[in-house]
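Q: Please take a close look at one part of this predicted model. I would like to hear about the aromatic rings and how they pair.

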Amino acid sequence: MSIAETIKEELLKLEQQVEEEQLFLIGYLIPMVDLIPQAELSDLEWFAEFALFVEDAVEADGLSDRDVDLLADIFEQLQPE
């Protein structure tokens, strides 16, 4: 299973478990997974690209500081070993 598939699966699991406050953010992240090509990237490289993409999207969408903090928590849970 690719890192993208693993991350998407984890997000879908989290979507069933998280508090309402994080639900929007999980839904925000899920479609972004498919926007980052796996190509010839290692898992860590892909995750770094995904994180940068999300960071740019958060900035462009003007998410609140609280949302950014919650996203950081979610990313900690998703971080590949």
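A: What follows walks through the ring pairs, then turns to a charged patch.

The model is predicted. It holds 5 aromatic pairs. Take Trp46 and Phe50 to begin with. Their ring centres lie 5.1 Å apart, with the planes at 15°. Planes under 30 degrees apart count as stacked, so this pair is stacked. Both residues sit in helix α3, which covers residues 43-61. They are 4 residues apart, about one turn of the helix. Trp46 is buried, at 0% relative accessibility. Phe50 is buried too, with a relative accessibility of 0%.

Phe50 also pairs with Phe47. Here the centres are 6.4 Å apart and the planes stand at 55°, so the pair is tilted. The cut-off for edge-to-face is over 60 degrees. Phe47 and Phe50 are 3 residues apart in helix α3, so about one helical turn separates them. Phe47 counts as buried because its relative accessibility is 4%, and buried means under 20%.

The pairs join up. Trp46, Phe47, Phe50 and Phe75 form a cluster linked by ring pairs.

Now the charged patch. Asp65, Asp69, Asp73 and Glu76 gather on the surface as a patch of negative charge. One of them, Asp69, belongs to helix α4, residues 65-78. Asp69 has a relative accessible area of 46%, so it is partly exposed. Exposed would need over 50%.

Methods: Residues are numbered from 1 along each chain as its sequence is written. This is a predicted model: local features need pLDDT of at least 70, side-chain atom pairs count only at pLDDT 80 or more; totals for chains, interfaces and linings use all residues. Side-chain values use heavy atoms; hydrogens and water are left out. Patches are made of residues with over 30% relative accessible area and no salt bridge: like charges are joined within 9 Å, nonpolar side chains (Val, Leu, Ile, Met, Phe, Trp, Tyr) within 5 Å. Accessible areas come from the Shrake-Rupley method with a 1.4 Å probe; for residues, only the protein chains shown count as cover. A salt bridge is a side-chain nitrogen of Lys or Arg within 4 Å of a carboxyl oxygen of Asp or Glu. Lys and Arg count as positive and Asp and Glu as negative; His and the chain ends are not counted. The place of a charge is taken as NZ of Lys, CZ of Arg, CG of Asp or CD of Glu. Helices (H or I, at least four residues) and strands (E, at least two) are DSSP runs, numbered from the N terminus. Buried means under 20% relative accessible area, exposed over 50%, partly exposed in between (1.4 Å probe, protein chains only). Rings of Phe, Tyr and Trp (its six-membered ring) pair if their centres lie within 6.5 Å; planes under 30 degrees apart count as stacked, over 60 as edge-to-face and the rest as tilted.
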